[in-house]
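Take a look at the model below. Keep the sequence at hand as you read.

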Amino acid sequence: MIIKDNCSLLGHNTFGIDVKASHFVDYDSVDELQTFVRQHHDAGDASPLLHIGGGSNLLFLSDFCGTILHSRMQEIHVTADEGDYVYVRVTAGITWDDWVQYAVDSHWYGLENLSLIPGEVGASAVQNIGAYGSEAKDFILFVDTVDLQTGEIRHFTAEECRYGYRDSAFKHELRGRYAVTHVHFRLSHSFRPRLDYGGIRRALEERGINETDLTAEQLRQTIIEIRRAKLPEPKELGNAGSFFTNPVVSRETFERLSNKHSDMPYYEVDKERVKIPAGWLIEQCGWKGKAQGRAGVYERQALVLVNLGGATGKEIAALCERIQADVKAQFGIEIAPEVNFIG
Ligand code: EPU
C-alpha cells in the first residue's frame with residue numbers, strides 16, 4: 001500500500017483539473033483496503049473516503065479534504081468455463097480497455113463494442129458504461145465490494161445493482177458506501193457481432209471488411225477508429241467523455257418537438273418514452289465548438305465538454321449550467337450531467 005499526503009490529482013482525472021487530495025491511498029489487496037477502512041473509523045476520523053477508478057467520469061470542483069482510495073490490484077481469473085460461457089473475475093483497478101483487449105485475445109466474446117471506453121473495470125460496474133448498442137450490464141453477473149463504513153465484504157448480484165441507462169444503485173441509495181473490488185463477467189465462446197448501431201456497418205465497408213469474415217479484433221479496431229474520429233483523447237484535451245446523459249422524454253414531448261424539428265434524431269425506449277441525443281440539442285443551441293473562458297464544447301461532438309487548458313472544475317460546471325439553461329429555454333428539456341461532481 002502506498003499513502004501519499006497532499007497529493008496532486010492532476011494525473012488522476014481525465015479532465016486535467018489541478019486540485020489536491022489530503023491523502024491518496026493505493027492499495028494492493030482487499031485485505032489492505034479493509035484494514036485501512038477499519039483503522040480510519042477506529043481512529044474516529046470523520047473525513048470522507050472517495051474511491052476512484054481512472055477518474056474519467058469525475059469533475060473536481062475544489063481540493064478534496066479527505067482520502068482518495070485507488071486499487072492497484074491487477075488480476076484476471078477464470079472462475080468457471082462451461083458450455084458456451086466463460087466466467088471471469090476481474091479486479092477493479094485494471095484499465096477497462098486492457099480488459100477488453102485481453103478478452104478479445106483470449107477469444108472470449110461480447111465486449112468488442114465497448115472498446116476504448118476510458119476508465120477502469122470497477123467504474124464500469126458503477127456507471128454501466130455503454131457504447132454502440134452494448135452496455136456493461138449485459139455481461140456483469142455480480143460485483144464484489146468493501147463497505148467503506150464497516151470494512152466488511154459484500155457481494156451484489158446484477159439485479160441488486162439495479163442497472164439502467166448509465167445508472168446503477170451505486171449512484172443512488174448505495175452512493176459512496178461501497179468500493180468495488182472485483183467485477184464478475186460472463187462472456188461467450190461464440191462471436192456474435194452487434195453491428196446494428198449507426199455507423200458500424202458503414203465503417204466496416206469503408207475498411208473493405210466483409211461481415212461474414214469479420215473477426216472480433218477487426219470489430220474492436222473499427223470501434224476504436226469510430227471513437228477516435230469523434231471523441232477527444234484526454235491526454236491531448238481534458239474531457240470526461242459524454243458530459244450529459246441523453247434525456248428520456250415522454251412521447252407527447254417528443255411529438256411536439258419532432259413536429260417542429262423534422263431532422264431531430266431519436267431512439268425509441270418503449271411505448272411511452274423516447275430518448276433524444278443531448279449532443280444534437282446542444283448543437284442546436286449553437287454551443288458546438290464554442291467556449292466560455294477555458295471551458296469548451298468539443299467541435300466534433302457537442303456532448304463532450306473540454307478543458308481548453310488550465311480550466312478549473314468550477315469553470316467547467318459554469319459552462320454546464322449555461323448549456324442546461326439554454327437547452328431548457330429552447331426545447332423545454334432538462335439535461336443532466338453523467339459526470340459526477342466532487343466538492
Ligand atoms: N449529434 C449531433 N450533434 C452532436 C453530437 C451528436 O447532432 O454534436 C447527433 C448525431 O448526429 C446522432 C446522435 O446525435 O444522430 C447521436 O450521436 P452519437 O451516435 O455520437 O451518440 P451520442 O448519443 O452522442 C452515446 C453515448 C456515448 C457513446 C455513443 C456511441 C451517452 C451519454 N453517450 O453518445 O458514450 O460512445 O453513444 O454509442 O449515452 C460516454 O458515455 O462517455 C460516451 C462517449
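The model is predicted. Start at the ligand. The shell around the ligand holds 25 residues, and Y132, Y165, E283, Q301 and A302 come nearest. Sorted by class, this shell has twelve nonpolar, seven polar and six charged residues.

Which elements supply at least two residues each to the shell? They are β8 (130–131), α6 (216–230) and α8 (278–284). Among the elements, α8 gives the most, with three residues.

In Y165, an N or O atom of the side chain is 2.7 Å from an oxygen atom of the ligand. Y165 is also one of the residues that come nearest to the ligand. For R227, a polar side-chain atom lies 3.4 Å from a ligand oxygen. E338 has a side-chain N or O atom at 3.4 Å from an oxygen atom of the ligand. How much of the ligand's accessible area does the protein cover? On its own, the ligand has 820 Å² of accessible area, and the protein covers 82% of this.

Move on to a sheet of three strands. The sheet is open, its order is β14-β16-β15, and the pairing is antiparallel. Why is one side of β14 and of β15 left without a neighbour in the sheet? β14 (248–250) and β15 (267–268) stand at the edges, and each has a single partner strand, so one side of each lacks a neighbour. In the sheet order, β16 sits between β14 and β15.

The pairing of β15 with β16 (residues 273–275) is antiparallel and rests on two bridges. E268 has V274 of β16 as its bridge partner. Helix α7 (residues 251–260) lies across β14, β15 and β16.

Strand β10 (residues 140–147) and strand β11 (residues 153–157) run antiparallel, joined by five bridges. Strands of a sheet pair through backbone hydrogen bonds, either parallel or antiparallel. Opposite V146 stands I153 in β11. Five residues lie between the two strands of this hairpin. Which residue of the hairpin takes a positive phi? G151 does, with a value near 80°.

β10 and β11 form the hairpin that has five residues between its strands.

Notes:
Residues numbered from 1 in each chain as written. Predicted model: local features only at pLDDT ≥ 70, side-chain atom pairs only at ≥ 80, totals over all residues. Heavy atoms only, no water. Pairing = 2+ DSSP bridges. Helix = DSSP H or I, 4+ residues; strand = E, 2+ residues; numbered from the N terminus. Contact = heavy atoms within 4.5 Å. Axes fitted to C-alpha atoms, helices over the stretch in contact; angles between N-to-C directions. Near = heavy atom within 4 Å. Polar contact = N/O pair within 3.5 Å; in protein donor to acceptor, adjacent residues only side chain to side chain. Areas by Shrake-Rupley, 256 points an atom, 1.4 Å probe, with all protein chains shown as cover. Nonpolar A, V, L, I, M, F, W, Y, C, P; charged D, E, K, R; others polar.
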